[in-house]
Structure formats: structure tokens, C-alpha cells
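Take a first look at the chain below.

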Amino acid sequence: EAFHEHLLDSLAEAEMTQKPLSLACFTIQNYTEVQKAWGKALEETLQTWGETLQRESLRRGDALFRFAGGKAVIILLGTPRAEANAIVERVLAATKILVVPIASGNDQLKLELSSIVAAIPEDGNSAKELIKIVLES
């Protein structure tokens, strides 16, 4: 609900100000299997990652939302595709691989991220079009 409201507000502002808008989506590979095996540790790691990402890699005004299925979406108002791709690369470089500490000693579970960017006007002009690209890919 909060994501859709923020996205619609951002779309309205982009249209009114003629600013570009991009969405960047990050997906944890093999999320379902990992979540079943390491639920609490995984969720704690993702919470910390989100907080660190917001603090260290995103700009003021960027909005990060987590979704089921190991997805996170960043709404990038005023950001054309090329700049959004640069932000994604910066996030991936800072994150590399998410590491989940496992309770059985010093073992760690490493999670890989994939990403996709959708932008207005390049990929569509509506929230529905952008959401379809980033969340259904």
C-alpha cells in the first residue's frame, strides 16, 4: 500500500515537473529456498541491509520498499535511466553479496543479487507498466 501511494505521488510529481522517474529492483537469487531454511537470520540480514542501503548508498528523496519473494524496489524521482543504472551499480558494488550469519558457529550463507531498472518515459508512462517490468521479471 505505501509503495503504491508513493509511486503514484512520484508519478504525479514527475508529470507535473517533467522530471524522469526510474524504479530499480533488486532480487535475491533462490530466495524461497533460503527463506525456508534460514528465516529469522535472513530477515534480520535484509533489515540491516535495507537500513545500510538507505543510509550509505541512496540519495535523499530516494525511497526503498521491500516486497515478498526477496525483492526490494527503489523509487528514483528525477532520475533518468542512465543515472538509475549508475545507482544500481553503486548499490551492487557496495553490497556485492549479502551474507547471512548462521547460528552454527562461523558459517555464513552468501546471497547473490540481481537487478533491473525501468524508467519513464523509456519503458512506459504508467505505474502499472513500470511495476510489471520490475516486479514480474
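Begin with phenylalanine 65, which counts as buried because its relative accessibility is 17%, and the cut-off for buried is under 20%. Keep in mind that this is a predicted model.

What does phenylalanine 65 pair with? A search of the whole structure finds three aromatic pairs. In one of them, the ring of phenylalanine 65 meets the ring of phenylalanine 3. Their centres are 5.4 Å apart and their planes stand at 75°, so this pair is edge-to-face. Phenylalanine 3 lies in helix α1 (residues 2-17), while phenylalanine 65 lies in strand β2 (residues 63-67). The pair therefore ties together parts that are 62 residues apart in sequence. Phenylalanine 3 counts as buried too, at 4% relative accessibility. Ring pairs also bring in Phe67, so that Phe3, Phe65 and Phe67 are linked into a cluster.

Now move to another aromatic pair. The rings of phenylalanine 26 and tryptophan 49 have their centres 6.3 Å apart. Their planes are at 80°, so this pair is edge-to-face. Which parts does it join? Phenylalanine 26 sits in strand β1 (residues 21-28), and tryptophan 49 sits in helix α2 (residues 31-56). The pair therefore ties together parts that are 23 residues apart in sequence. Phenylalanine 26 is buried, with a relative accessible area of 1%. Tryptophan 49 is buried as well, at 10%.

Step back to the whole chain. It has four helices and five strands. Read along the sequence, they follow the pattern α-β-α-β-β-α-β-β-α. The chain has 137 residues, and 40% of them count as buried. Take the contacts between residues at least 6 apart in sequence: 62% of these join residues at least 24 apart. What does the outside look like? The chain exposes about 7900 Å², and carbon and sulfur atoms supply 51% of that area.

Next, look inside. In soluble globular proteins, nonpolar side chains tend to be buried together. In this chain, the largest nonpolar core has 21 residues. Which members touch the most other members? They are Ala24, Phe26, Trp49, Ile74 and Val91. Helix α2 gives the most, with six residues. There is also a second, separate core of 17 residues. Ile75, Ala118, Ile120 and Val134 are among its members.

Val134 leads us to helix α4 (residues 127-135), where Ala127, Leu130, Ile131 and Val134 are buried. Where do these four sit around the helix? They cover an arc of only 100° around the axis, which puts them on the same side of α4. On the other side of α4, Lys128 and Lys132 are exposed.

Ile120 is our next stop. Isoleucine 120 is found in strand β5. At 12% relative accessibility, isoleucine 120 counts as buried. Leaving out residues up to four places away in sequence, isoleucine 120 touches Leu11, Pro20, Leu21, Asn125, Ser126 and Leu130. One of these, Leu130, is a buried residue of helix α4.

Finish with serine 22, in strand β1. Is serine 22 buried or exposed? It counts as buried, at 0% relative accessibility. What does its side chain reach? The side chain of serine 22 comes to the backbone oxygen of threonine 79 at 2.7 Å. Not counting residues up to four places away in sequence, the residues that serine 22 touches include Ile74, Ile75, Thr79, Ala84 and Ala118. Ile75 and Ala118 belong to the second one.

Two distances place serine 22 in the fold. Isoleucine 120 and serine 22 are 98 residues apart in sequence, yet 6.3 Å apart in space, C-alpha to C-alpha. Asparagine 85 is in helix α3. Asparagine 85 and serine 22 are 63 residues apart in sequence and 9.3 Å apart in space, again C-alpha to C-alpha. Asparagine 85 is partly exposed, with a relative accessible area of 33%.

Technical notes: Residues numbered from 1 in each chain as written. Predicted model: local features only at pLDDT ≥ 70, side-chain atom pairs only at ≥ 80, totals over all residues. Heavy atoms only, no water. Helix = DSSP H or I, 4+ residues; strand = E, 2+ residues; numbered from the N terminus. Buried < 20%, exposed > 50% of the residue type's maximum accessible area, 1.4 Å probe, protein only. Contact = heavy atoms within 4.5 Å. Areas by Shrake-Rupley, 256 points an atom, 1.4 Å probe, with all protein chains shown as cover. Phe/Tyr/Trp six-rings, centres within 6.5 Å; stacked < 30°, edge-to-face > 60°. Arc of directions from axis to C-beta. Core = buried A, V, L, I, M, F, W, Y, C linked by side-chain atoms within 4.5 Å. Polar contact = N/O pair within 3.5 Å; in protein donor to acceptor, adjacent residues only side chain to side chain.
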